[in-house]
Amino acid sequence: MQNIEKLIVKEEISVFKNFVYYLSLNRNGILLRNDLIIIFKKFCEKNSLDENFYTRSSLRLFINKIQELFFSMDYLLIMYRYDIARYRFFCLRVDGETMTEIKLSKFLKYKDLIVDRQLSDEKSLVIDYIPFYNYTPLIKDPKKIGNGTTFLNRYLSSRIFNNPSEWNSEIFQFMKMHKYQEKQLLINGVILKDFNTFYEGLGNMIGTLSRIGRDTPFSEIEKDMKKSGFVAGWGNCAGRIVETMQLLMDLLNEPDDILLEEFISRVPMPLISKVAIISPHGWFAQENVLGRPDTGGQVIYILDQVKALEKHLKKEAELSGLKVIPAIVVLTRLIPDSEGTTCNIKKEKIFGTENCYILRIPFRDRNNNVINQWISRFEIWPYLDRFAGDAATELTGEFRGRPDLIIGNYSDGNLVASILSRKLDVIMCSIAHALEKTKYLFSDLYWKNFEKDYNFSLQFVADMISMNKSDFIIASTHQEIIGTEDTMGQYESYQFFTMPGLMQVSGGVNLYTPKFNVIPPGVDESIYYPFYERERRVNTKTEVWEKRLFYDQSDDVFGHLDNPELKPVFTMARFDRIKNITGLIEAFGMSSYLQERCNLVFAAGTTKVENSGDNEEQDEIRRAYSLIEKYNLTGKVRWLPSISKIDTGEVYRIIADNGGIFVQPALFEAFGLTILEAMLSGLPTFGPMFGGPLEIIENGKSGFLLNTSKPEMISEGLELFYRGIENRSIIWDDISRAGVERVRTTFTWSLYSEKLIRQTKLYGFWRYTETAEGKIEIDRYNDIIYHFLFRERAKPLSL
């Protein structure tokens, strides 16, 4: 019992043994942390242990850190998360007498046996990326994971400080290599041949330009600067050029992380003017697509991202003294059977931009035939290899060369971005949006049960490939990467797992590399703004949508409202199981209190099963009708099909006009764009306590967090709010205004764009100075996994 005595005080060892025996009486598969806490409470009550023991004993603290527990023959296996993203594994005899710490490989082997006892003698394919990260510095404090740029700036500046001669030469060589349309930027290497000449010239140029007017435009001093070896890119006027050059001088003399970050962010090193954004799945278009299967927040995210990025890149180029028209291409799939959308058009300009386009490339089968119909995101894997090859040709033609940055989105887009980055030698950023692995409980362990519908054996491999290929990774929240003190993060779940009979992953991702960063997205403030800013609203549009939401009868709308004046409880999402709209319907149906005071209004997918081509959506539609009938909600529920993005802002405002609320009832939400939209529109907003909303909503101040795991918990949270309003009506207004303030100060696309481009430049510098050779080995390992595991498993699907 030596190991357990380090974790549980001696006085509680006997209680611990009794608890182990209590668990052994009912061996029900794998128990998770929350299951254990519930069982422990029952155990304490049965054994007359007081509340203090239940909440504060060392045994309870030990249980709090257990993520998984299961029985295997006469042993109890424990996954103990002693710190964020850090684990120990224990094997405990069921009589509680001995507990031994075991290796991860043995723990995964025991886990395999849960599924199939015959696997005990089989050797599994083991995937481990960790040994390939010996080229990179690693973050030591797990609480700092997700702050990669801060760590990297400090690391690089310390390297410059400790070895100035080598690093000064590296910086000089890096600055010389940058061009735009074959024109040299920053330094003319013919005149400034070496670092010493450059350093002397830099000091002289600072002195010369300091003696002229700060506002003197670059065009008036360009010739004189060229004679000294300095060309475009330092700034658009004398004052800014001096500031930039002085930053570099200070960095070379007394390097620190703040100077390094500021200097790299100010100069075109590289100039980012051509960006490829990859998002193959779903129906990617600007109109008539939201709410279709696989089509929701990611489309909104990317379109808003593109508009903000173009503005930022224009501004940055102008400040650098360059005349540049940025080009951004969103690469997606062309769908010939477009069902009234523009998804069959090869090239489509993005509204509100100058030079940004959607470029569509079709999927092709083995015989080179174009796939005409929409395909679920879970079934597109065999087409991505050919798609990526075609994409490389199309993109280099569109950009007349390589892009400067490739951004992948979701598992499929990140895989294609990985292939393109390798092929074109371009810096890559990946954005997961949502990793399916943590959405579906035990989707790794019981992968064979999911495989027919979801093909997780391919998706999880694709995720690992892109995570390890990426130069940097953007998450919307910290918990997306490393979870919380109590729960595992989405990326964290890829550290180790097993898919019995296929592979054991002992190092799927290294969270301690500085590639992870948190940049929350923003909201399009031209569409989403508070309901009380009435001068911005169009009365005719308000009237049309007021009627459609509450009154008009239409073939595509289900339900009428007996009392449309009641407060609306509103939600809007895709109709899939994770979004849990049926959970909200059931919560409303279970609460007579809510039904007396509110109507339930929601917009999701389609109201007709026959209009859906997605199996999961069809199941949810049928379940919605079943629940409405079960709880006799006729006259209390109004169900609209999905609403176009351009109209959603006014819909939120109309719900707010009527004193309503917005509820996001998802079982898990990676971030929650609709939560931001509703909050900025002035709607008191409720979101799940599972996922990104934890970092958006300040619970009880700018919105509310709900336990959405059970319908009765949703209704309990909503009832609590409405009972509070009965006693203090100002609560609605307080939450409304606090929500608006929260979004406007924290979640903006301009801030997002600035951080994204800063990171691209920093990781580009790091890629050049340190990681190029180190990444060769990990790229080769990725190639092996891609060609001999992913492609081989994907081939049969294309048949």
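**View 1. Lining of the largest cavity.** The largest cavity is lined by 42 residues, and Gly296, Gly297, Gln298, Arg574 and Lys579 lie nearest its centre. A cavity is a set of points on a 1 Å grid over the protein atoms alone where a 1.4 Å probe fits but cannot get out; lining residues have an atom within 4 Å of a point. Helix 13 (297-319), helix 23 (645-657) and helix 24 (673-680) each give two or more residues to this lining. Helix 13 has the largest share, four residues. Helices are DSSP runs (H or I, at least four residues), numbered from the N terminus.

This is a predicted model: local features need pLDDT of at least 70, side-chain atom pairs count only at pLDDT 80 or more, and totals for chains, interfaces and linings use all residues. Residues are numbered from 1 along each chain as its sequence is written, and side-chain values use heavy atoms, without hydrogens and water.

**View 2. Volume of the largest cavity.** The largest cavity holds about 730 Å³ of space. Its lining divides into 18 nonpolar, 13 polar and eleven charged residues. Asp, Glu, Lys and Arg count as charged; Ala, Val, Leu, Ile, Met, Phe, Trp, Tyr, Cys and Pro as nonpolar; the others, Gly among them, as polar.

**View 3. Packing of helix 15 and helix 17.** Helix 15 (residues 410-424) and helix 17 (residues 456-469) pack at about 45°, with axes 8 Å apart. Axes are lines fitted to C-alpha atoms over the stretch in contact, and angles run from 0 to 180 degrees between N-to-C directions. The contact (heavy atoms within 4.5 Å) includes Tyr410 and Leu415 of helix 15 and Ala462 and Ile465 of helix 17.

Methods: On a 1 Å grid over the protein atoms alone, a cavity is a set of points where a 1.4 Å probe fits but cannot get out, and a pocket is an open set with protein on both sides within 12 Å along at least five of seven lines; lining residues have an atom within 4 Å of a point. Grid points are joined across faces, edges and corners, and a volume is the space filled by probe spheres set on the points.
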